[in-house]
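Biologist: I am new to this structure and would like to learn how to read it. Could you show me?

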Protein chains: 2
Amino acid sequence: MNQKPSLFTVVSPRLLDIYDISNGIVVVIDVFRATSTIATALYNGATRVIPVDSVDKCIQIGKTTGGITAGERDGKVIEGLAHGNSPAEYPRSFIAGKTLVLTTTNGTRLLHMALNNGASEVITGSFPNLSAVCDHLVAQNKNVVLGCSAWKDRFNLEDALFAGAVIERIRDHFAIHCDSSLMAEDMYRLHKNDIKQFIRKTTHWHRLAAYGLEADLEYCVTADQANVLPVYRNGDLVSLTGPAGGS
Amino acid sequence: MNQKPSLFTVVSPRLLDIYDISNGIVVVIDVFRATSTIATALYNGATRVIPVDSVDKCIQIGKTTGGITAGERDGKVIEGLAHGNSPAEYPRSFIAGKTLVLTTTNGTRLLHMALNNGASEVITGSFPNLSAVCDHLVAQNKNVVLGCSAWKDRFNLEDALFAGAVIERIRDHFAIHCDSSLMAEDMYRLHKNDIKQFIRKTTHWHRLAAYGLEADLEYCVTADQANVLPVYRNGDLVSLTGPAGGS
């Protein structure tokens with residue numbers, strides 16, 4: 001078969017069901033900061049990351065698995081949980097061999113929507129694992145949807161920039177007839193050389209920088225610092241590449 | 001009051017209800033080609049344009065009003081209607097003093113959603129009436145939502161480019177904390193000097209150019225060729241500025 005697989009970019013979870021994702025790969029993107037933290041924890045040897053969409057579930061699953069519970073609201077660790085959403089909280093010395101139970105609203109919802117709509121595989125993408133995502137998508141040669149988690153369903157720039165970074169690298173391997181993808185690639189090309197400055201203009205920067213997270217956010221737009229491939233398997237995100245889990 | 005009114009860009013009708021549009025102005029944008037045709041028909045002296053979302057309604061309202069019925073599918077006039085969606089079909093010699101009943105799916109739906117969500121005013125925007133839209137928004141000094149009609153709820157570039165053109169001109173009059181608006185302005189600045197070339201990359205171009213509509217689409221991204229302000233009043237779009245209706 002000579003026909004290239006398709007690639008679409010979805011700018012909000014609310015638009016996901018417009019696209020046919022059956023038997024395709026969905027890349028869940030939540031640059032600030034869930035998918036950046038997931039890549040980092042797995043890169044640093046976490047056995048698995050369990051993404052959950054509520055604090056109650058996080059506490060409950062933390063108890064049954066003995067995992068580290070994590071989640072933030074307004075820049076602070078949520079009461080009842082042990083840790084926050086920052087990738088910097090999960091160095092190898094702390095997270096290797098452990099389970100991380102991570103509360104994330106936008107990203108977890110998109111992940112479940114992708115599974116319910118028949119995706120054959122769900123992986124997570126972020127700048128820290130950009131190359132691992134690109135290499136996998138090219139190797140699989142299947143239809144791809146780059147799913148931006150957005151913020152409360154609103155389009156956000158940082159997820160679009162990551163989609164654009166992927167597209168710039170793998171465009172020749174896919175048939176791309178999608179204005180969202182053209183936009184994402186243009187935005188990435190326009191800002192790739194000033195990305196740490198540009199993200200200061202985004203709404204999410206303004207929400208998070210107030211909590212002193214500037215260094216965190218700059219890490220989240222830096223490529224290949226945690227180059228693993230998180231793949232969803234039966235409720236867990238596990239690493240298919242790079243440093244194996246286990247201590 | 002010194003606080004500037006807000007401005008948001010909504011990239012798909014599905015996302016409209018996320019935004020508070022109560023007492024604000026919604027600009028319905030459907031560059032290819034509904035809102036371009038609406039501006040052109042009113043500029044050329046149409047008494048009013050009645051936007052409808054189905055062929056049956058178009059035929060029925062055409063009968064009761066004596067209006068010209070218009071609508072296309074796949075580049076051809078829909079059976080039972082008299083004319084198509086092209087702005088070029090509505091010169092002054094033909095449309096002056098008449099009512100146009102225009103079938104448009106994406107744009108009409110967004111318009112009704114805006115009214116149902118409490119917008120105080122709905123106007124239509126397109127490159128042919130760019131300046132009239134900008135002048136009105138600055139003069140009104142109210143909150144604004146730039147509503148892209150999209151294509152079957154998918155983000156499209158041509159509507160985003162128009163939103164960006166508006167933002168580039170009026171940004172200093174508004175408080176803009178909105179990634180969609182940042183993106184739209186960036187995309188417009190990036191492509192404003194090659195817009196007739198750039199639109200050839202969009203998905204909508206590929207759908208419509210197959211029907212020989214290239215000149216039509218180039219007109220639809222040319223500023224201020226039909227500089228009126230279409231405002232929705234009790235079911236009709238009427239011109240508040242420029243050449244009055246009536247022959």
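**Reading salt bridges and a helix pair**

Modeller: At 24% relative accessibility, Arg14(B) counts as partly exposed, where buried means under 20% relative accessible area, exposed over 50% and partly exposed in between (1.4 Å probe, protein chains only). Before we go on, this is a predicted model, in which local features need pLDDT of at least 70, side-chain atom pairs count only at pLDDT 80 or more, and totals for chains, interfaces and linings use all residues. Residues are numbered from 1 along each chain as its sequence is written, chains are lettered from A and ligands numbered from 1 in the order in which they are written, and side-chain values use heavy atoms, with hydrogens and water left out.

Biologist: Which residue meets Arg14(B) in a salt bridge?

Modeller: A salt bridge is a side-chain nitrogen of Lys or Arg within 4 Å of a carboxyl oxygen of Asp or Glu. Here the partner of Arg14(B) is Asp153(B), at 3.1 Å from N to O. Arg14(B) lies in the loop between E1 and E2 of chain B and Asp153(B) in the loop between strand E9 (144–148) and helix H6 (157–170), so the pair ties together parts 139 residues apart in sequence. Helices (H or I, at least four residues) and strands (E, at least two) are DSSP runs, numbered from the N terminus. Asp153(B) is buried, with a relative accessible area of 9%.

Biologist: Are Glu72(A) and Arg33(A) buried or exposed?

Modeller: Both Glu72(A) and Arg33(A) are buried. They form a salt bridge too, with the closest N and O atoms 2.6 Å apart.

Biologist: And how do I read a helix pair?

Modeller: Axes are lines fitted to C-alpha atoms, for helices over the stretch in contact, and angles run from 0 to 180 degrees between N-to-C directions. Helix H5 (residues 130–140) of chain B and H6(B) pack at about 50°, with axes 10 Å apart. They are therefore oblique to each other; angles under 35 degrees count as roughly parallel, over 145 as roughly antiparallel, 65 to 115 as roughly perpendicular and the rest as oblique.
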